[in-house]
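Thanks for taking a look at this one with me. Here are my notes, as numbered points, to read alongside the model.

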Amino acid sequence: MANHHSNNTILITGGAGFIGSNFIPFFLSKNPEINLINLDLLTYAGDLENLNEVKKASNYTFIKGDICDNLLVKHLFEEYNISGVINFAAESHVDNSINSPRQFIKTNIEGTFNLLENARIFWKTKNYRFHHISTDEVYGSLSEDGFFTEKSNYQPNSPYSASKASSDFLVRSYYHTYGMNVVTSNCSNNYGPKQHDEKLIPTIIRSAINGFKIPIYGNGKNVRDWLFVKDHCTGIESIYHKGKAGETYLLGGNNEYDNLTIATKICEILDYKIPNKKGSYSNQIHFVEDRLGHDFRYAIDASKVFKELSWKPNESFDSGLEKTVDWYLKKYQL
Ligand SMILES: NC(=O)c1ccc[n+]([C@@H]2O[C@H](COP(=O)([O-])OP(=O)(O)OC[C@H]3O[C@@H](n4cnc5c(N)ncnc54)[C@H](O)[C@@H]3O)[C@@H](O)[C@H]2O)c1
């Protein structure tokens, strides 16, 4: 679909992270007339290697900096005449938020506020889009049945999800108070190439092939819905262009699996790709003390985006998982 904005420079934040670095090459290939400015602090979670394919593109610019830095963000709006924002930048790892929550409050809440406030002041009455990327974790935990919808109550349980929930509320308030053209998308767990080694799926792959114990929290029965990162990117693009101002959209893959099943599936793929003389990799699965306040289950009813925006995920979980394993085996040079 043709871009409806009169001016074409979008500020992407956190574009060197997992989802942002999958999104940028995809978005540029679909929207070659749009310029992207990628503002990323390059924390431990950001990696410019993941953006090699676009670094020389004439419509792509990287800026190292903090979304909390008011003067820098103001300067970028003015210098590049920013006419859209997609905010990926965040502290994103729940375990880190339990051990040291302070940076989560700063980046996720204050950083989002700083972007909103600069957009409001710079754009004045212009109807430019501000798209905030959020998570299904803001809705808390489900029991065995039921699904999150856009109407579910916010019940965040970790410092990470509480900081994301707070930022979602700020975004909402800029719609209701100032009439800004905001949208928020809340997505389930992503998996795929370029995810940081600290996260569950890379940890399972890395531990398995190095002959280490594969750590699984508690009894391994916590359930998440998984969406292939490239499907998340098509959903974001669609919502950015076609979502209604002030609305939220839930994105999910309809792939509910518990952590033990994920580990077992990955071990099966590895058993077939790089057979281990000592037997199945699944023998390395090892239960460790559960995460504090570990939410039991997340599941998403994504029918609003299916119906209103005709979005649907393309990748099946098994094929997406195999692509992910292949990407990490290449990364680890196996
Ligand atoms: N990964 C998931 O499964 C998932 C699911 C749903 C929603 N989300 C949301 O999507 C967004 C992106 O997640 P991700 O998995 O790509 O995260 P990530 O941790 O891989 O990447 C975050 C990026 O933000 C950058 N960053 C951190 N603090 C910054 C700051 N103060 N200023 C500028 N840049 C900063 C980091 O350098 C990194 O490049 C986050 O908002 C997250 O809450 C993630």
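1. A polar contact here is a pair of N or O atoms within 3.5 Å; within protein, one must be able to donate a hydrogen and the other to accept it, and residues adjacent in sequence count only if both atoms are side-chain atoms. With that in hand, look at the ligand: one of its oxygen atoms has a backbone N or O atom of phenylalanine 18 at 3.0 Å. For isoleucine 19, a backbone N or O atom is 2.8 Å from a ligand oxygen, and for glycine 17 a polar backbone atom is 2.9 Å from one.

2. A word on the ground rules. This is a predicted model, in which local features need pLDDT of at least 70 and side-chain atom pairs count only at pLDDT 80 or more, while totals for chains, interfaces and linings use all residues. Residues are numbered from 1 along each chain as its sequence is written, and side-chain values use heavy atoms, with hydrogens and water left out.

3. Helices (H or I, at least four residues) and strands (E, at least two) are DSSP runs, numbered from the N terminus.

4. Helix H5 deserves a look of its own. Running over residues 159–178, H5 has 20 residues and reaches 28 Å from first C-alpha to last, close to the 28 Å expected at 1.5 Å a residue (1.5 Å times one less than the number of residues). After H5 comes glycine 179, with a positive phi near 70°.

5. Finally, do visit alanine 45, in the loop between strands S2 and S3. Is alanine 45 buried or partly exposed? Its relative accessible area is 27%, so alanine 45 counts as partly exposed. Beyond its neighbours within four places in sequence, alanine 45 is in contact (heavy atoms within 4.5 Å) with Ala16, Gly17 and His196. The C-alpha atoms of alanine 45 and glutamate 198 are separated by 9.1 Å, although the two residues are 153 apart along the chain.

Conventions: Buried means under 20% relative accessible area, exposed over 50%, partly exposed in between (1.4 Å probe, protein chains only).
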